[in-house]
Every structure is written in structure tokens, then in C-alpha cells.
Amino acid sequence: MTVTLKELAAEIGAEIAGEADAAISSVNGLAEAGPGEVSFLANPKYQKQLETTNATAVIVAPGVTAPAGRELNLLKTKDPYYAFCRAVVLLHGYRKHPHVGIHPRANVDPSATIGEGSVLYPGVYVGPRATIGRDCILYPNAVVYDDTVLGDRVILHAGAVIGADGFGYATRKDPDGVVRHHKIPQVGRVEIGDDVEIGANTCIDRAAVGATRVAHGTKIDNLVTIGHGGSIGPHCMIVAQVGIAGSTELGHHVTLAGQVGVTGHLKIGNAATIGAQSGIMMDVPDQSTLVGSPAMPVSHARKVYLLFTKLPELVDRIRQLEQQVEELSAAEGTEGK
Amino acid sequence: MTVTLKELAAEIGAEIAGEADAAISSVNGLAEAGPGEVSFLANPKYQKQLETTNATAVIVAPGVTAPAGRELNLLKTKDPYYAFCRAVVLLHGYRKHPHVGIHPRANVDPSATIGEGSVLYPGVYVGPRATIGRDCILYPNAVVYDDTVLGDRVILHAGAVIGADGFGYATRKDPDGVVRHHKIPQVGRVEIGDDVEIGANTCIDRAAVGATRVAHGTKIDNLVTIGHGGSIGPHCMIVAQVGIAGSTELGHHVTLAGQVGVTGHLKIGNAATIGAQSGIMMDVPDQSTLVGSPAMPVSHARKVYLLFTKLPELVDRIRQLEQQVEELSAAEGTEGK
Amino acid sequence: MTVTLKELAAEIGAEIAGEADAAISSVNGLAEAGPGEVSFLANPKYQKQLETTNATAVIVAPGVTAPAGRELNLLKTKDPYYAFCRAVVLLHGYRKHPHVGIHPRANVDPSATIGEGSVLYPGVYVGPRATIGRDCILYPNAVVYDDTVLGDRVILHAGAVIGADGFGYATRKDPDGVVRHHKIPQVGRVEIGDDVEIGANTCIDRAAVGATRVAHGTKIDNLVTIGHGGSIGPHCMIVAQVGIAGSTELGHHVTLAGQVGVTGHLKIGNAATIGAQSGIMMDVPDQSTLVGSPAMPVSHARKVYLLFTKLPELVDRIRQLEQQVEELSAAEGTEGK
């Protein structure tokens, strides 16, 4: 699709600083963009690329100006990243699926319900009594176990597994003296709200009883695992390889960065943000930003980790103090005589 | 299935404190349970819920009594969690599979052997010469590479991959001066014992030579990876996202909590327990409980991590000491004159 | 295949110390090998096994001699591990696939291109306009999204997902006051070079714009995730469960050990090596070896982590210093009077 800069600006809510009639047909990164392409500058790290980009136009924040001597068309808006998002939707749109509805090689149990407009790719499995809402997309080989409920516009990327058995065993010494792990039937289910997107090969386990829940608007990246009985609030962001143990509850708008681990039976407050690789072993208050393993408030964690890397210096200082104190004690001893 | 409390108590080996004729037809959590449902109290964290639960009966430890003024039927037993497990099996049973035997859309090599009573869901792949024991369950899209051996009653959850090539390369500078990684054919296999359950999207690699082994009764959670030539003893618990590098041997009844990493060529002793996110780089003695990265005995680790979070305080104390010592030295110098 | 020791030695470039006519038909580990088998000794940790092995021959470094009193045939070569690799290829070869070409149960979009000699197992999905080079192997249920490009001799293990949408959302407060994550269409693609091998259930996301790239000769283990817009140089080794966030660039011959996390928009220099579980939050210079979270040069990290485990001792030393200084101050005060 090709539009003029004027049309694009109107669509994404930006002001033009430049040639309103320039033709734009696609989006690209600052470094890669060429004539006819629009790019964006949201991360100041890439500001220098304004001097060299071949893009026809760049979406920028209001304060940004074209580098001296460059005739670069700018589209100014308060939220360049969101404006870019709208530009991509306008110019490229979302994926066009090669087939509509349920692919003949998807495997859907006769007792499952699939909403109108939903797309099931080959190799998808939907088990007994599962319910898929409207306009969902289940990419190849995604698996939905029995009794799972997906809302509307849910996206499961390839290989995602929703509703597998929770990791639940009762361990005891059996009459023969051997300690064994006895499987507890996981008779609960998973319920996923509207507008949830779930990354490739991510696993969300069914509850032992009741439901594991992911509320509307939450986005989950690749290779995440969510344990049985957990509850994820609305509009959370859960980055790749996060692990959340069973029965933990997240509020709304929680962000867990990559590789975070959260133990079971905890409460993570609304709008909390947890830094990458952190380990969460205690409840987290609303609005807090934690980092580290164990997780600490971010400003404290920065000090702690800086000092951590300087431990050898600290030990040198202690050693020097010990020497000085020994000398002082010796002198004191001498004087005392 | 509906039973009386008396029947349930007999089945799970509990004593009734309450109405023996009450009818029970399902299990549920304390907070969610209603009339006709049995729940359990194993984690003291949830004791307060006894006051508000609508369950008809609750399985508890012998010392627990009903809250004052509440007519709550109790089922008393030494191991409430195991008793609950038996109640779930009695009332709900394990999953009823929508098909019996090998689904026509499972892909089984003609040279593979599948034991009686085993269920293969659609999208399952079983490669040449692989052997699947009796009463196994292979959920959708689980993959069993060539020559893999599964015992009886093995469960593979969706997307599990057993027997993919180990990560084995011989790296050398080739005659053209380029350093390349040369793939070593992985001619070994994977052998899984009886009663092993393997989580969704977990990967167990085949050995370079010989076998990667997982012994009977071991339970493995989602997204775990076990490297080539490893050996996992019987009755271990390996929680989600654990990574075990090649040729490492675990004894029996080892527990690895979530996201633990273990390097290669190690021995982890019998009944060892490793805390979440720990990094294991050395052999671990029998019975030990380690935590941290690097892993330390748990009582020591607790001190270390507490002090770690207090590093800024420690530095303040060092700084103050330095100042005091400087003053003392100055005074001493004055006196010495 | 059976060869004489002489033939084997010629093929793998080794010198024989022993019986040139001995027959060899397979490879095995030192502990497991029996008559007619060749093993190797590359890791000195296993040197003692030379005394007990039943192998007919062992590939060793030039300096190694047979244990006293043992008639053990040795094949001496500068790089025993590479020589072993060649022996495995000679005696066993790589996997013979049970079918040739595209299995009828693979799902290939009509607009995709599959090179000659490539093998697609059942359950594989290849999307619109994707290109697969020559002699590739796509194991069961591997998924290649639309527009992905694979070079020649690329191996995708079971469940690998190439080209799923990057984790890209524009978050903003919508006119109704709710903060939502708006999906940015990921209109880029993934390009994989020649001779790349990708482990089971590993995920490589397509770029938002442009391409996520993995250059030739790079080997990636199981359960790795690579974010949108990343670029991995040639001949890298990326071990299991590594997570690389978006737009990060790796040079050539980079090694990331297991469970490493790398944040986005970084540059990791050529031939850099990062230890297991490390967290990389800053650019990494060429040739550097880093360990830890935050990552530090390895020699420094060793000191830091050793001191970390000794924090309780350090605090004892500080406490003792405080006591001594107090005593000195008291004495000084007395003297000053």
C-alpha cells in the first residue's frame, strides 16, 4: 500500500516537518530504510542514524530536528513508537494466513468449540471440551489440552502447550519402604482471557483443581512456563524463559523481564516490574521495581551489585585496616608499659 | 462418582470427625470448594481458610480441629496431601483419552515397537527402532527419535523431544585456516525407565555413544533439557527449566528446583536437594541441600545472601573504621613526637 | 562397517602404537567399550579408565602411553577429539533417514521453496514464501514461519520454531484510560546461513523490520530463544536455554554457555566466551571471557565469587576490627586525659 506523507501523518496522528506529498509504501529500520520508506526514532541510542538514514521520512518525538544540511522529512508525535506501530499496521497490516478456519490437518476433538474467524494451522491439537473464542490464531503444532478455555483474539504461537498436567505429586514412603512420587490427577483447567498472545513453545499448566488463569491483554514471550493454579492479571508482559511456580498470583500490568524465576504461592503486586534473571521468593508490593537474586529494590540492587564486583577491593581495605590496627595496638602496648 | 464420607475415609485411610453419611462427589481448593466437595489442608499458610471454606469436608493432619462454631467435617490422616491424591483418583480418576491406542495421525516408523495399552495422540512421532513400553501416554506432538527406549507407564507431555542429537562438535582450525565446529554423529540413544513423566517441551538428548538414562519413577517438569550421556537416577524430581549438561550423573531421589543449571561431568549424590536458580559446578555429596550460584550449603547460603543484600552497610562500616583508624594514627603520631 | 586399525589410523590421521591388523567396527566410551571397539581420551579426568577399558584401541594425544602391563592399542594424534569425530563418521556415519525428501505428512505451503536433498519429517510446517536450501534436515514438528530463509545443510531439530513473531508491542494509555500493549506487526523475517544446526524446541523470532540473522556454521542447542532483529555471527556456539533479547549482535566464534541471558541492543565481540548462567547487560569486547551476573572478566569473577561465599568471615573480621578500634579509642581517650 502506498500513501502520501500527509495521509500517513493523519492516520498516525503526527505533524509533518517536510514534504507532504512524498510517497511512502513501507516501514524499515533507520539503518536499512531507503526511498519510499518510513522509519522511527524512539531509542536515543540510535539518534546518530538520522544523519545517515536513507528513509524518506522518520517518525520522531516533537523536540527532534533534522540534522543540519539534511533534507529529511520528519513526522513529529508525542509517542513515536506507538505511531510507528500504527504506520506498520496501515502499510503492511497483520499476517495474511494461507488458509481460513480450521486446517484439515489440525486435530480438533468433536466436543471442542471453535469460535468464528479463528484460524487453526496444521498440526494444531484441541482436546475434548476445549473452547476457543472468536478470531483466535493457533499457529502450527500449538496444543490445547482438554477443558482449556481461550477468549477472543488469542494468539498461540507454534508449539505452545496450554493445559498440560501441573507438576503435582504426593511423595510418600510406600509400604515397601521406597519413597515414590504419586501423580495427582490434575482435574483443573486453564482459562485464557481475550487479546492474550503466547509465544512459541511456552507452557501453561492446568490447575490441580480450579483453574490456572491468564487475564485479558497479557502478552507472554517464548519458552515461558506457568505452573498449576497460577493467576496472571490483565495487561502483564512476561518476557522469554520466565518461570512462575504454582499458585502464584500476578496483579495487572506486571512486567517480568527475561529468565525471571518466581516461586510458588506468592503475590506480585500491580504494575510491579522485575528485572531480568531475578529470583522472586517473597511477595512483591504494588508498583515496585525489583532486581536481583534475591530481588531487591532497583536503586539498592544497583549499589549492591556494584559493591559485589568490588569485593576484592573491600577485602584489601579490611586487610589494610587489620594491619594498621595491629600496629596501633603494638604501639599502644609499648606506650602502656 | 459420589461416595459417602465414610466410604471416602475408608478409601484414603482417614478418620472421620463429622457426619459419616455426607455425600462427596468432587475435590476442590479450600477457597473454591462448595457443598458436596472435599478439600485438603497441607500447607499451614492456608489454615485460615478453614474458617470460610464451603467444602463439605476437609482432609487435615491429626492435630487440626474445626474452627470454633463451624460444623466442618474433617478427615484426619497423617499425610493429608497423599490422602488428597487418593481422593482425587477415587472421585475423578486420571484423564480419559479421546482415543485408544495409536491415533491415525500419529507417525510411527514401521520398525518401532509400541506396547499394549499405550496411547499416542495426533502429531506424535516415533522413529525407527524405538521401543515404547506398555500403558504409556504420548501427548500431541511429542517426538521420540530413533532407537529411544521408553519403559512402561511413561508419560510424555505435548512437545517433549526425546533422543534429539546431543550438542557434540569437534572444533578445530581447518586447513583453510577457519575454525569450524564439526558435528559428531550422536550414535547413542536415550533410555527412559518405568513410571517416568516428562513435561511439555522438555528435551532429553541422545548420547554420543552409549545411552542417556532416566531411571524409573523420576518426574520431570516443563522445558527442562538434559544433555547427552547424562544419567538421572530413580525417583528424582526435576522442576521446570532446569538445564543439565552432558555426562552428569544424578543419584536417586535428587530434587532440582526450577531453573537450576548443572555443568557437565558431575556427580550429584543421592537425595540431594538443590534450590531454585542455583548453579552447580562441583560434585554434590549425598543428602546435601545446596542453594545459590555458586551453590553452597543452605544454612551458609542464607547468611551469605543476607549479607550480600547488606553490602552497602558493610562498606559504611569499613569507611567508618578507616576514619577512626586514621584519627587514632594521627593521635598516636602526635603522642609519639 | 569394519576396518583394520591401520585403515582407521590412515583415515583419521593418527599413528599406531600397537597391532595394525586389529579389527574395529564401532566406537564407544572408555567405560563401555569392548573388543572390536575404538574409544578416545580427550578429557584427562578419565585417564584412569585406560587401565580398565576393554576397548581394542583408544585415540589419545601423542604423549599418552599404555598403562604398564596392558596391551592396549593406541592411536596417537594431536587432536584426539577431532580424530574421534572422524572415526564415528567413518564407522557409523550420520543418521539414515527413514524417508527421503518431503514426507507426505509435512505441511509445506505451495509458495515455499525446498532445495534438493532436503529431508522434511512428518509434522514439519513450512510457511508461505519460505526458502529451504539444499540438504537440510527438518526433524518432526519443526516450524518455519512465512518468509524465513534457511541456507544449505541447515538442521532443525524437533519442535524448533523459526520466524515466530518478535515480542513487539507499543504500550500506551488508550483514550479510555487503560494502558494496553498494542501488537506491532512483525514484518521482518529470519535468515539462517549454511551449516547451522538448531536444537530441539529452540525459538528464533522474526524481526519487526529487516531480518533476524544467524550466520553460517553457528550451532545452537535446545530451548534457546533469540529475539527479533538479533544477529548471530558465523561459527558461534550457543548452549542450551540461552536467551538473547532483541537487536543484539554477536560477532564470530562467540560462545555462550548454558542459561546465559543477554539484554537487547548490545554488541558481543568476536571470539568472546561467556560462562554459564551469566547476565550480559553491556557490550562485550572481542576475545574476552566473562562470567557472572553481572558478567566480569573471568579471573576477577573467580575472586569475587570466592569472596562472596566468604562474606560471613569478612563480616567477622569487620566486627573484630570495630571492637579493637573501640578499645584503642578508649585507651587513647584515657591517655589523652
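# Close-up views of a predicted three-chain model

**View 1. A network of salt bridges links residues of chains A and C.** Arg95(A), Glu197(A), Arg129(C), Asp146(C), Asp147(C), Asp165(C), Lys183(C) and Arg206(C) are linked in a network of salt bridges, a salt bridge being a side-chain nitrogen of Lys or Arg within 4 Å of a carboxyl oxygen of Asp or Glu. The model is a predicted one, in which local features need pLDDT of at least 70 and side-chain atom pairs count only at pLDDT 80 or more, while totals for chains, interfaces and linings use all residues. Residues are numbered from 1 along each chain as its sequence is written, chains are lettered from A and ligands numbered from 1 in the order in which they are written, and side-chain values use heavy atoms, with hydrogens and water left out.

**View 2. Lys183(C) and Glu197(A) meet in a salt bridge, with 2.8 Å from N to O.** Lys183(C) belongs to strand β19 (residues 179-183) of chain C and Glu197(A) to strand β21 (residues 197-198) of chain A, so this pair joins two chains; strands (E, at least two residues) and helices (H or I, at least four) are DSSP runs, numbered from the N terminus. Lys183(C) is buried, with a relative accessible area of 13%, and Glu197(A) also counts as buried, at 3% relative accessibility. Here buried means under 20% relative accessible area, exposed means over 50%, and partly exposed lies in between (1.4 Å probe, protein chains only). Over all chains, the count comes to 51 salt bridges.

**View 3. Lys219(A) is buried yet has no salt bridge.** This lysine is found in strand β24 (residues 219-220) of chain A. The nearest side chain of opposite charge to Lys219(A) is that of Glu197(A), 5.1 Å away, where Lys and Arg count as positive and Asp and Glu as negative, and His and the chain ends are not counted. A polar atom of the Lys219(A) side chain does, however, lie 2.8 Å from the backbone oxygen of Asp195(A).

View 4. Asp146(B) lies in the loop between β14 (143-144) and β15 (149-150) of chain B and Arg129(B) in the loop between β11 (125-126) and β12 (131-132) of that chain, so the pair ties together parts that are 17 residues apart in sequence. Asp146(B) counts as buried at 10% relative accessibility, whereas Arg129(B) is partly exposed, with a relative accessible area of 46%.

**View 5. An open sheet of 10 strands in chain C has mixed pairing.** The strand order is β10-β13-β16-β21-β24-β27-β30-β33-β35-β36 (chain C), and two strands are taken to pair if DSSP finds at least two bridges between them. β10 (119-120) and β36 (296-297) of chain C stand at the edges, each with a single partner strand, so one side of each is left without a neighbour in the sheet. Two bridges join β10(C) to strand β13 (residues 137-138) of chain C, and these strands run parallel; Val119(C) has Ile137(C) as its bridge partner in β13(C). His97(C), which lies in the loop between α2 (80-91) and β8 (107-108) of chain C, is 22 residues from Val119(C) in sequence and 7.9 Å from Val119(C) in space, C-alpha to C-alpha.

**View 6. Residues of strand β6 (residues 57-60) of chain C point in two directions.** Ala57(C) and Ile59(C) point one way and Val58(C) and Val60(C) the other way, and all are buried. Strand β5 (residues 37-40) of chain C is joined to β6(C) by three bridges and runs parallel to β6(C), with Phe40(C) opposite Ile59(C). β6(C) also pairs in the parallel sense with strand β7 (residues 73-76) of chain C over four bridges, and the bridge partner of Val58(C) in β7(C) is Leu74(C).

Definitions and conventions: Polar contact = N/O pair within 3.5 Å; in protein donor to acceptor, adjacent residues only side chain to side chain.
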